[in-house]
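Biologist: Could you walk me through this one slowly? I would like to go residue by residue and then look at the wider picture.
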Amino acid sequence: MAAFTPWPSTWVPADGDRSAQIGGFDTRSLAAEFGTPVFALDLADLRGRMDAWAAAANEHFAPERGLAGADVFYASKAFTCISMIRLVVERGLCADVASGGELAVALAGGMDPARIGVHGNNKSAEEIAAALDAGVGRIVIDSLGELDLISAAAGERGVTAPIFIRVTTGVHAGANEYIATAHEDQKFGLSLTDGSALAAARRAVELPNLELAGLHQHIGSQISDLEGHAVSTRSLLSLRAEIARETGVLVPDVDLGGGYGITYVDEPTLSPDEVCARMAGVVRAACEVLEVAPPRISFEPGRSIVGPAMVTLYSVGAIKRVTIDDGERSYVAIDGSMGDTVLRPMLYGSVYTADVASREISGPTVRSRIVGKHCESGDIMIRDIDLPEGLERGDLLAIPATGAYGRSMASNYNLLARSPVVAVENGEATLWLRRDTVSDFFAVDPAY
Ligand SMILES: Cc1ncc(COP(=O)(O)O)c(C=O)c1O
């Protein structure tokens with residue numbers, strides 16, 4: 001059985017005095033040129049993940065297999081910038097956005113508006129207007145009142161808004177309560193069990209300037225077992241058939257959401273091929289039982305596309321030993337954390353691994369805790385890890401699988417800079433996002 005690794009495909013660990021490499025680029029040179037912390041993006045790895053999703057969706061949902069095709073919407077909340085969207089466009093994927101800011105970046109990156117899905121549990125009037133003015137392909141609604149707002153805004157513009165209803169099917173999946181989104185007691189979606197989803201469908205059909213174009217689910221995050229997706233999808237497809245009976249509209253699209261897990265340390269994960277093969281079987285079988293034509297399917301992977309493609313490089317600073325109940329612990333402080341990756345460990349208790357990138361250090365190891373440089377005792381990147389005794393100030397530490405919800409959740413707390421993203425391939429490095437500067441902080445301060 002293949003071992004599950006969090007390192008991207010071109011990663012080569014340090015060997016003797018030679019530092020680790022990514023995309024054919026020496027990590028010491030990368031740190032010298034761009035500073036640390038820096039997100040090193042393995043472009044070949046990222047492209048491969050996009051292509052794997054596109055190929056799997058095309059193959060398993062093909063009309064020859066009795067299905068109606070499938071689209072892959074990259075969930076740009078995981079990480080976005082213009083270069084990222086350009087790559088998404090180049091590899092033939094669509095994009096979903098969760099705010100006006102993400103929509104603006106998707107459009108600036110050249111994404112065809114018809115291939116953009118707009119999310120948000122509390123879209124502002126400006127965001128609804130921007131989506132309609134751009135002519136996006138789908139607006140996913142989370143509440144009944146939104147239908148009236150969108151209908152009115154579309155009416156003012158003389159357009160028809162394509163509406164998807166986000167449904168909470170009652171299925172709860174994911175590693176952690178905070179990121180499980182399909183159970184009832186939460187802010188997303190309209191309930192299937194209490195009839196709100198069906199009521200929304202009726203209302204969408206009645207209201208002018210709306211087209212009921214699809215149903216949507218997103219049942220959680222970092223999921224490594226498809227049973228939850230399968231159960232939820234069957235419920236969603238039954239609802240689709242019920243809506244057709246009640247309103248005469250058999251919605252053409254069903255969006256199965258994202259949430260497919262990745263390896264952060266050594267956790268097993270599912271490939272896009274495994275996900276699509278299983279879900280195609282579920283959709284085909286359910287539609288046969290329901291005696292309805294299958295819908296076009298969408299997937300919304302974010303983490304599983306960009307997460308494993310980035311490694312963050314940090315410089316080691318202060319190292320201190322403390323005595324604890326059963327021995328000693330080394331506190332290894334790195335030069336970042338909330339400006340890059342640490343929000344996930346803080347919010348979700350996520351676990352990462354790390355390796356020394358600047359050189360190979362053999363010999364004994366010491367129980368260590370990797371901490372950031374913010375004025376917060378909770379600023380802990382990795383709670384427990386064995387690191388070499390010989391680790392010194394100035395060494396580079398690499399943390400893999402930081403591409404999703406790292407840079408996109410980064411903050412400027414303590415007025416520390418958010419880290420740059422540098423794409424590397426064949427020994428060439430291209431800056432995708434630069435590091436914040438002090439001038440950026442002053443730029444938003446009118447008193448300056
Ligand atoms: C509606 C929706 N779609 C897709 C995603 C992407 O999830 P992931 O990055 O886990 O694949 C999210 C993330 O929370 C989401 O809320």
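Biologist: Which side chain does histidine 119 join through a polar contact?

Modeller: Bearing in mind that this is a predicted model, the side chain of histidine 119 is joined to that of glutamate 300 by a polar contact of 2.7 Å.

Biologist: Where does histidine 119 sit, and is it buried or exposed?

Modeller: Histidine 119 lies in the loop between strand E6 (116–118) and helix H5 (125–134), and it counts as buried because its relative accessibility is 10%, which is below the cut-off of 20%.

Biologist: What else is histidine 119 in contact with, leaving aside neighbours within four places in sequence?

Modeller: Besides Glu300, histidine 119 is in contact with Asp96, Val97, Ala98, Ser99, Val140 and His216.

Biologist: Changing topic, what about serine 304, is that buried or exposed?

Modeller: Serine 304, which is placed in helix H10 (residues 303–306), is buried, with a relative accessible area of 12%.

Biologist: And which side chain does the side chain of serine 304 make a polar contact with?

Modeller: That partner is the side chain of tryptophan 53, at 3.2 Å, and when residues up to four places away in sequence are not counted, serine 304 touches Arg49, Tyr260 and Ile262 as well as Trp53.

Biologist: Moving to the nonpolar parts, how many residues are in the largest nonpolar core?

Modeller: The largest nonpolar core has 84 residues, and Leu46, Phe61, Ile165, Phe299 and Trp432 are those with the most contacts inside it. Helix H9 (residues 272–290) gives the largest share of this core, eight residues. There is also a second, separate core of 19 residues, which includes Ile262, Ile334, Tyr352 and Ala354.

Biologist: Last one, where is aspartate 185, and is it buried or exposed?

Modeller: Aspartate 185 is in the loop between strand E8 (161–168) and strand E9 (190–191), and it counts as exposed because its relative accessibility is 72%, where the cut-off is over 50%. From C-alpha to C-alpha, aspartate 185 and glycine 170 are 9.4 Å apart in space, while in sequence they are 15 residues apart.

Definitions and conventions:
Residues numbered from 1 in each chain as written. Predicted model: local features only at pLDDT ≥ 70, side-chain atom pairs only at ≥ 80, totals over all residues. Heavy atoms only, no water. Helix = DSSP H or I, 4+ residues; strand = E, 2+ residues; numbered from the N terminus. Buried < 20%, exposed > 50% of the residue type's maximum accessible area, 1.4 Å probe, protein only. Polar contact = N/O pair within 3.5 Å; in protein donor to acceptor, adjacent residues only side chain to side chain. Contact = heavy atoms within 4.5 Å. Core = buried A, V, L, I, M, F, W, Y, C linked by side-chain atoms within 4.5 Å.
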